[in-house]
Amino acid sequence: QVQLVESGGGLVQAGGSLRLSCAASGSVFSINAMGWYRQAPGKQREFVARITRGGRTDCATSVKGRFTISRDNAKNTVYLQMNSLKPEDTAVYYCNAAGVDSSRNMNNYWGQGTQVTVSS
């Protein structure tokens, strides 16, 4: 079993910054693409950013130029640096990873989410 544990959420004023972290642990054989999604109250979960094991990145238009995704393959950890935060960035942020466990089973894993609240 692979677990994803997020940290770094919190309350910040508009224009501020936060850095989210997500570490994969447990019976990890390999972690491929990792990414972040978010879900605001009353809305569907939406894609924020993703990064491949080789470092190729992609992000939503709404966060381009403000959010940066990175990862440390040795630590099976992905980061999301969020700058110039806006109230509309308020949401629960979920970590996602495509991985293979020690039994060689491929799965799509989700973290439990971390709350980000941006006040105006």
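Q: What should I know about the model before I start?
A: It's a predicted model, so local features need pLDDT of at least 70 and side-chain atom pairs count only at pLDDT 80 or more, while totals for chains, interfaces and linings use all residues. Residues are numbered from 1 along each chain as its sequence is written, and side-chain values use heavy atoms, with hydrogens and water left out.

Q: How many aromatic pairs are there, and how do I read one?
A: A pair of aromatic rings is described by the distance of the centres and the angle of the planes. Rings of Phe, Tyr and Trp (its six-membered ring) pair if their centres lie within 6.5 Å; planes under 30 degrees apart count as stacked, over 60 as edge-to-face and the rest as tilted. This structure has 2 aromatic pairs. One of them joins tyrosine 37 and phenylalanine 47, edge-to-face, at 5.7 Å centre to centre with 70° between the planes. Tyrosine 37 belongs to strand β4 (residues 28-39) and phenylalanine 47 to strand β5 (residues 46-51), 10 residues apart. Strands here are DSSP runs (E, at least two residues), numbered from the N terminus.

Q: What about tyrosine 37 and tryptophan 110?
A: Their ring centres are 5.1 Å apart and the planes meet at 65°, so that pair is edge-to-face. Tryptophan 110 sits in strand β10 (residues 106-110) and tyrosine 37 in strand β4, so the pair ties together parts that are 73 residues apart in sequence. Ring pairs link Tyr37, Phe47 and Trp110 into a cluster.

Q: Is tryptophan 110 buried, exposed or partly exposed?
A: Here's the scale: buried means under 20% relative accessible area, exposed over 50%, partly exposed in between (1.4 Å probe, protein chains only). At 36%, tryptophan 110 counts as partly exposed, and phenylalanine 47 is partly exposed too, at 21%.

Q: Which ring does the charged end of arginine 19 sit over?
A: The rule is that a charge sits over a ring if NZ of Lys or CZ of Arg is within 6 Å of the ring centre and within 35 degrees of the ring normal. Arginine 19 has its charged end over tyrosine 79, 4.1 Å from the ring centre. Arginine 45 lies over the face of tyrosine 94, at 3.7 Å from the ring centre.

Q: What salt bridges does aspartate 89 make?
A: A salt bridge is a side-chain nitrogen of Lys or Arg within 4 Å of a carboxyl oxygen of Asp or Glu. Aspartate 89 meets arginine 38 at 3.0 Å, N to O. That aspartate is in the loop between β8 (77-82) and β9 (91-101), 51 residues from arginine 38 in strand β4. Aspartate 89 also bridges to arginine 66, with the closest N and O atoms 2.7 Å apart. Salt bridges that share partners join Arg38, Glu46, Arg66 and Asp89 into one network. Aspartate 89 is buried at 1%, as are arginine 38 at 6% and arginine 66 at 11%.

Q: In what order do the 4 strands of the open sheet lie?
A: Strands of a sheet pair through backbone hydrogen bonds, either parallel or antiparallel. Two strands count as paired if DSSP finds at least two bridges between them. Here the order is β1-β3-β8-β7, and the pairing is antiparallel. β1 (2-7) and β7 (67-72) stand at the edges with a single partner strand each, so one side of each is left without a neighbour in the sheet. Between β1 and strand β3 (residues 18-26) there are 6 bridges, and leucine 4 has alanine 24 in β3 as its bridge partner.
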